[in-house]
Amino acid sequence: MSSTSSPAETSSSRRWLALGLIAAAQFMVIMDTSIIGVALPEMQADLGFTPEGLSWVFNAYVVAFGGLLLLGGRLSDLFGARRVFSIGWGLLAVGSLMAGFADGVAVELAGRAVQGAGSALIAPAALTLLFTIFGSTPKELTKALALYGAAAPAGGTAGVFLGGVLTEYASWPWIFFINLPLAAVVLLLTPSVMPKGMTRPGSLDLAGAITVTAGLAAVVFAIVRSPQVGWVSAPTLVTGVVGLALLALFVVLQARRREPLMRLGIFQAPNLAAANLAQFMLGAAWIPMFFFVNLYLQQVVGLGAFASGAALLPLTVTIMIGMVGVAPRLIARFGPKAMTVSGLATLSVGLVWLSFIQPDGSFARDVLPASLVAAAGMAMAFIPSLGLALTSAAPEEGGLASGIVSTSYQIGSALGLALMTAVASAFGADRVGDAVSQTDGFSAGLLGAAGIAALGALLAAARLRPQVPDTATQEKSKAVA
């Protein structure tokens, strides 16, 4: 006997398939930052990178990604999120082909930059689409944000796994070619499952786009390069000052334009600035933790790259369960402010605990329990602060709000990692082979990250405005619990 689906069921299935594509976008954006780590030695040998230049396989992606996020969000508002989402995936595929077929340093870095540009279009457009599809129902929006957020740690861990497997059993170009099948599936399904979205009449503020993109790229460039050349070196200071000057010029231009790239008044929306600050502090605390724990497991405990990636699986699973299964109920019961503050505080506690790592330590004793506490804190804080940043803006500025919050997290991640790397190096983390000095350095970096998370909790407590949880959702949550 045949059966047919009702229009409502068909619409619902398309919405959740659309969420799957949006989560795939988050997964891919994060995976592309972590998958290259294991392959770098082979890429250096094949392409002729210098030891100093090898880091730019990572940095070229990060600079382009961070510099173009705000522009990507604005383009989503003007030309439609679905269109920008598709263009971003097309760029990511082109960049992946360039990077995989590269026969020299210049082509490889160009391919990575194109990948970063594609991701800078994908990320804010994906958040805009998510809000468009689920924003009318707060409960469903929280669930959708939870699934979207959980895709990030999954992508980070998958990148470590796949990078090791593909490099060992195939060859390094496959870490880029693996993007192509997913890009093809997303591009094929997007027209049928994603809403077309709204477009807005008006022109693109080219002067604003150029100044903010160049300014953000220069600031990110200075940050990610500073651990190699020094924080007070001429290249760092000059690039940083130029970047800040361009951003100041951007603010002046936006105040004078009739149709600015970023309406400055958007930051007057309740909670938008405070929620972005919380996302900034989350990135600045979380990414150094992930970085130092991985180095500690490999360089001190002695695990291989693949084994250290496997060791991070409990952390990843904890975040995913926390974001998808626990955080939505807690947000409904206690509200997003309380969850953001408590999540950042819990993250800080976990980082302090992690700082007690020992030179003769082990994963089970020194890393596992503390990392699970930190993961629980990240799971509690990420979803409510992201939701506040998106819902505080007017619907017609959803793309801009998505671009701002994505930029906040990425700039926070880059700045936090660079600062804590400098702290760790000052305490001996760069003395490879000296387990005591390296452990002292990693511990100092983890303590610094704990301070960032604690400061984030205090700022969130002071600046976020409480929201009254939805009564019906709250009662239902209590009943289920």
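Where in the chain does Asn271 have its place? Asn271 sits in the loop between helix 10 and helix 11 (272-301), where helices are DSSP runs of H or I with at least four residues, numbered from the N terminus. This is a predicted model, in which local features need pLDDT of at least 70 and side-chain atom pairs count only at pLDDT 80 or more, while totals for chains, interfaces and linings use all residues. Residues are numbered from 1 along each chain as its sequence is written, and side-chain values use heavy atoms, with hydrogens and water left out.

- The protein is divided into domain 1 (13-194), domain 2 (206-260) and domain 3 (269-466), with bounds that come from an automatic or database domain assignment.
- The C-alpha centres of domain 1 and domain 3 are 21 Å apart, and 28 residues of domain 1 are in contact with 31 residues of domain 3, contact meaning heavy atoms within 4.5 Å.
- Between them, domain 1 and domain 3 bury about 2600 Å², of which 81% is on carbon and sulfur atoms; buried area is the accessible area (1.4 Å probe) that two parts lose on being put together, summed over both.
- There are four residue pairs in polar contact between domain 1 and domain 3, both residues being at pLDDT 80 or more; a polar contact is a pair of N or O atoms within 3.5 Å, where within protein one must be able to donate a hydrogen and the other to accept it, and residues adjacent in sequence count only if both atoms are side-chain atoms.
- On the side of domain 1 that touches domain 3, the elements giving two or more residues are helix 3 (56-79), helix 5 (105-134) and helix 6 (138-169), and the largest share, 14 residues, comes from helix 6.

**Salt bridges**

- The count comes to three salt bridges, each being a side-chain nitrogen of Lys or Arg within 4 Å of a carboxyl oxygen of Asp or Glu, whereas the count between domain 1 and domain 3 is zero.
- The side chains of Arg15 and Glu140 meet in a salt bridge at 2.5 Å, N to O; Arg15 lies in helix 1 (residues 7-34) and Glu140 in helix 6, so the pair ties together parts that are 125 residues apart in sequence.
- Asp360, Arg365 and Asp366 are linked in a network of salt bridges, in which the closest N and O atoms of Asp360 and Arg365 are 3.9 Å apart, while Arg365 and Asp366 meet at 2.8 Å, N to O.
- Asp360 counts as exposed at 62% relative accessibility, whereas Asp366 counts as buried at 7%; buried means under 20% relative accessible area, exposed over 50%, and partly exposed in between (1.4 Å probe, protein chains only).

**Individual residues**

- Asn271 has a positive phi of about 75° although it is not a glycine, and this residue is buried, with a relative accessible area of 8%.
- Gln438, placed in helix 17 (residues 435-463), counts as buried at 1% relative accessibility, and its contacts, leaving aside neighbours within four places in sequence, include Gln299, Val300 and Arg431.
- Val251, in helix 10 (residues 234-256), is partly exposed, with a relative accessible area of 39%, and Val251 and Thr211 are 40 residues apart in sequence and 9.4 Å apart in space, C-alpha to C-alpha.
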